[in-house]
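Subject: The structure, and what turned up in it

Hello,

Here is the structure I promised to pass on. Please open it beside this email as you read.

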Amino acid sequence: MRSAQLPPFILLRPLPRLSRLGASEQLQSPETAAPAPVIISSVIDFGYSLLRPLLFRLGADRAHDFMLGSLARAPRFWARMASVGSPAPAPELACRAFGLKLASPIGLAAGLDKNAVAIPFWPALGFGFVEVGTVTAHAQPGNPKPRMFRIPSEGALINRAGFNNAGSAVLAENLRRLHSSGQWPKIPVGVNVGKSKITPIEEATQDYTTSLERLQGLADYFVINVSSPNTPGLRELQDQKHLEQLLPAAVQAACGTPVLLKLAPDLGDEALLSAVELSIEHGMAGVIATNTTISRDGLRRDPGETGGMSGRPLWPLARKRIEKVLEAASGRLPVVGVGGVHTAQQVLELLEAGCCAVQLYTALIFEGPGLPARIERELMGELERLRACVAQN
Ligand SMILES: Cc1cc2nc3c(=O)[nH]c(=O)nc-3n(C[C@H](O)[C@H](O)[C@H](O)COP(=O)(O)O)c2cc1C
């Protein structure tokens with residue numbers, strides 16, 4: 001049992017800038033590049049507050065590779081570090097979504113741990129569920145680097161990673177090893193599946209079902225990703241004619257494991273409504289809204305890079321699209337809200353609007369690994385509102 005005694009919060013200013021600039025640093029003027037203060041509430045948070053200024057001197061790609069490489073080498077060590085002073089989600093935060101029991105309604109969104117190399121680590125941050133991937137049937141390198149760009153002053157990221165991943169056969173092996181070594185976490189793990197770049201759009205269904213068949217029995221839920229902007233043609237799969245073929249095939253290949261559909265915030269109302277109706281018709285377990293956006297609305301300092309934007313500037317758009325999806329689903333299909341979430345108030349707002357759970361990614365980069373636990377502590381102060389959401393959903 002981890003200690004429920006929490007050290008007091010400490011407000012720590014970032015360390016001074018180093019002189020050597022990383023690749024994506026050109027995007028940041030000195031005044032806008034200064035990271036926001038980090039609130040320290042755990043050992044891992046403290047470590048990150050020291051590390052972050054150094055990481056932010058590196059290009060976003062190198063920082064990402066360094067962090068994930070370290071986690072992959074010793075996920076259980078880092079999990080132990082993360083859990084010092086940071087309690088597991090309180091039992092009051094446990095909830096049910098798409099047939100699964102989540103330790104809390106806050107999950108890690110897809111894209112950070114594409115090959116499931118750090119699974120034992122994520123629950124230690126307080127996440128109630130975690131999504132790995134996107135994985136594709138064929139291993140692929142993704143787009144050339146640099147392909148991730150931070151805009152620290154706006155809490156935003158632009159990425160055009162392009163599903164860099166080791167392929168679903170390797171992912172299945174990683175998951176099998178976790179299962180057989182008893183390291184499978186106590187929280188649900190979802191696998192997000194996409195289309196390989198080399199696969200033509202007409203053969204997309206086969207590409208998805210190949211991955212789902214390899215992963216059968218190894219994940220708690222699957223996500224069909226038809227919404228990332230960095231694989232040419234992928235988002236066409238959100239059209240009715242493609243979904244009509246893809247969704248039933250995916251549900252069948254998943255063999256009873258819940259399958260969700262992840263949608264883009266750039267879809268028009270009609271396409272959103274149609275995707276929701278088709279999801280209901282074909283027995284999908286839920287919808288995740290939203291992925292990154294190709295729009296740059298709300299971004300004051302557009303670096304002019306192509307790719308999907310995530311983080312704070314995405315929130316207003318994601319919030320509106322989530323509302324539309326909720327309206328279309330009208331209680332018939334669980335909806336997971338994602339896009340620019342970084343506070344407990346946003347989590348509550350989405351749950352009160354009708355979402356069954358919430359995910360985040362970009363805020364973790366800017367606000368540190370203590371963020372899920374911090375949000376959860378704040379949620380504990382709003383238990384009445386939370387209970388009302390559970391009753392309503
Ligand atoms: C660097 C990066 C890579 C991502 N890769 C994926 C991915 O592989 N599959 C996916 O479904 N979403 C991916 N996403 C989208 C996130 O899962 C999430 O939907 C989006 O970033 C909005 O949430 P956020 O503002 O909390 O980051 C990625 C996001 C980022 C920032």
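**Before you start**

This is a predicted model, in which local features need pLDDT of at least 70, side-chain atom pairs count only at pLDDT 80 or more, and totals for chains, interfaces and linings use all residues. Residues are numbered from 1 along each chain as its sequence is written.

The pLDDT is the predictor's confidence in each residue, from 0 to 100. Its mean for the chain is 87, and 89% of the residues reach 70 or more. Over residues 1-38 the pLDDT is below 50, and this stretch has 60 contacts in the model beyond near neighbours in sequence. Two residues are in contact if their C-beta atoms, placed from the backbone, lie within 7 Å. Where pLDDT is low, the predicted coordinates should not be read in detail.

**The chain as a whole**

You will find 13 helices and 15 strands in the chain. Helices (H or I, at least four residues) and strands (E, at least two) are DSSP runs, numbered from the N terminus. Of the 393 residues, 53% are buried. A residue is called buried if 20 or more other C-beta atoms lie within 10 Å of its own, exposed if 12 or fewer, and partly exposed in between, with C-beta atoms placed from the backbone. Among contacts with a separation of 6 or more, 77% join residues 24 or more positions apart.

**Around the ligand**

The ligand is surrounded by 27 residues, and the closest are Ala109, Gly111, Thr134, Ser310 and Thr362. By type, the shell has 12 nonpolar, 13 polar and 2 charged residues. Here Ala, Val, Leu, Ile, Met, Phe, Trp, Tyr, Cys and Pro count as nonpolar, Asp, Glu, Lys and Arg as charged, and the others, Gly among them, as polar.

**The nonpolar core**

The largest nonpolar core holds 112 residues, and Leu260, Val287, Val325, Val335 and Val358 have the most contacts inside it. Helix H7 (residues 240-254) brings the largest share of this core, 7 residues. Such a core is a set of buried Ala, Val, Leu, Ile, Met, Phe, Trp, Tyr and Cys residues joined through C-beta atoms within 7 Å.

**Helix H6**

Helix H6 (residues 204-215) has 12 residues, which at 1.5 Å a residue should span 16 Å; its end C-alpha atoms are 17 Å apart, which agrees. The expected span is 1.5 Å times one less than the number of residues. Because 9 of its 12 residues are buried, H6 is largely enclosed by the rest of the structure. Among the buried ones are Asp207, Tyr208, Arg214 and Leu215. Their cover includes strand S6 (129-135), helix H5 (168-180), strand S9 (189-193), strand S10 (221-225) and H7. After H6 comes Gly217, with a positive phi near 80 degrees.

**Single residues to look at**

- Lys145 and Pro146 are joined by a cis peptide bond, with omega about 0 degrees; Pro146 sits in the loop between S6 and strand S7 (148-151).
- From Ala289 to Thr290 the peptide bond is also cis, with omega near 15 degrees; Thr290 is in the loop between strand S12 (286-289) and S13.
- Phe98, a residue other than glycine, has a positive phi near 35 degrees. Phe98 is buried, with 23 other C-beta atoms within 10 Å, in the loop between S3 and strand S4 (100-102).
- Ser330 is not a glycine either, yet its phi is positive, about 30 degrees. With 10 C-beta neighbours inside 10 Å, Ser330 counts as exposed.
- Cys356 lies in the loop between helix H10 (344-353) and strand S15 (357-360) and is buried, with 22 other C-beta atoms within 10 Å. The C-alpha atoms of Cys356 and Pro334 are 22 residues apart along the chain and separated by 6.0 Å.

Technical notes
A residue is near a molecule or strand if its C-beta atom, placed from the backbone, lies within 6 Å of it.
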